[in-house]
Every structure is written in C-alpha cells, then in structure tokens.
Amino acid sequence: MAKIDDVATYLADFDGPALTMLTDLRALCRDDSVGAVEDVRWNQPAYIHSSGTILFTFSGHASHANMVFTPSTLEAFSEELANRKTGKDSLRLPYDEPLPVDLLTRMIRYRIDEHEQEGVLWK
C-alpha cells in the first residue's frame with residue numbers, strides 16, 4: 001500500500017456507502033474535536049491533540065468502518081457497546097447500518113476529557 005499523505009486522498013479510495021460513512025465520520029471527528037489536528041497515521045485518518053497525543057483514528061474496510069479509541073474509552077461505554085462488535089480498542093461500524101452519531105460524539109468527548117484531565121495517552 002502506498003503511503004497516504006492526507007485524509008482526502010485516503011477517502012478517494014472509497015465509494016458508495018463506504019465513502020458516505022467515512023465522510024460522515026470525518027465530519028463528526030472534525031466537529032467534535034475542536035483544536036485537534038487531522039493527520040494520517042498508519043495510513044488512516046487520525047486526530048491529534050495539541051499536546052501531540054493521538055486521540056482516535058478511523059479506517060475503512062470492505063464492509064465496515066472502524067473507529068479506534070483507547071481501550072479505556074471503550075471500557076467506559078461497555079454497556080452501550082454490548083450489542084456491537086468491538087476489538088481491544090476498536091468499534092466496528094457496518095456500512096449498512098446508521099452511524100451512531102450520539103454514541104460516537106460522547107465517546108469522542110470522553111476520549112478528549114480522559115486525555116486532558118487524566119493524562120491518558122495513546123496506547
């Protein structure tokens with residue numbers, strides 16, 4: 001895979017429902033993480049706190065997107081995530097389901113707060 005330098009280039013590899021969801025995720029991440037810098041890390045979109053700490057990332061796959069937080073963020077929302085597919089630090093978002101905007105907004109805000117108030121760094 002070629003190195004991707006910006007999020008627009010990353011998104012250009014997708015179309016249809018995948019592009020729609022990833023574009024919506026990008027807007028959500030940008031809107032809810034005011035002051036964070038959008039960058040590309042590990043060839044995927046990443047949002048970096050002004051302190052230099054990665055807050056979260058997202059990525060697109062064949063049938064779903066992943067939103068990646070710290071394990072502590074996923075743990076804080078474990079009850080709400082009980083019926084969703086998760087990994088150690090990721091939340092799977094199928095393209096054929098609505099984006100859980102309210103949940104993701106709260107998770108983004110939690111992640112920012114845990115970094116700013118408790119000093120929780122990226123993995």
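This is a predicted model: local features need pLDDT of at least 70, side-chain atom pairs count only at pLDDT 80 or more; totals for chains, interfaces and linings use all residues.
Student: Hi! What order do the five strands of the open sheet have?
Tutor: The order is S1-S2-S3-S4-S5, and the pairing is antiparallel. Strands S1 (37-41) and S5 (90-94) stand at the edges with a single partner strand each, so one side of each has no neighbour in the sheet. Here strands (E, at least two residues) and helices (H or I, at least four) are DSSP runs numbered from the N terminus, and two strands pair if DSSP finds at least two bridges between them.

Student: Okay, how many bridges join S2 to S3?
Tutor: Three, and the two strands run antiparallel. Tyr47 stands opposite Phe56 in S3. S2 and S3 form a hairpin with five residues between them, and Gly52 in the turn has a positive phi of about 100°.

Student: And what joins S3 to S4?
Tutor: A hairpin, through three residues. Four bridges join these antiparallel strands, and Ser59 stands opposite Asn66 in S4.

Student: Is S3 enclosed or open, and why?
Tutor: Seven of the seven residues of S3 are buried, so S3 is largely enclosed by the rest of the structure. Buried means under 20% relative accessible area, exposed over 50%, and partly exposed in between, with a 1.4 Å probe and protein chains only.

Student: New topic: at what angle do H2 and H4 pack?
Tutor: About 40°, with their axes 10 Å apart. The axes are lines fitted to C-alpha atoms, for helices over the stretch in contact, and angles run from 0 to 180 degrees between N-to-C directions. The two helices are therefore oblique to each other: under 35 degrees counts as roughly parallel, over 145 as roughly antiparallel, 65 to 115 as roughly perpendicular, and the rest as oblique.

Student: Which residues make the contact?
Tutor: Leu25, Leu28, Cys29 and Asp32 of H2 meet Val101, Leu104, Thr105, Ile108, Arg109 and Ile112 of H4. Contact means heavy atoms within 4.5 Å.

Student: Which elements do the buried residues of H4 pack against?
Tutor: They pack against H2, S3, S4, helix H3 (71-76) and S5. Among those buried residues are Leu103, Met107 and His115. Just after H4, Gly119 takes a positive phi of about 75°.

Terms used. Residues are numbered from 1 along each chain as its sequence is written. Side-chain values use heavy atoms; hydrogens and water are left out.
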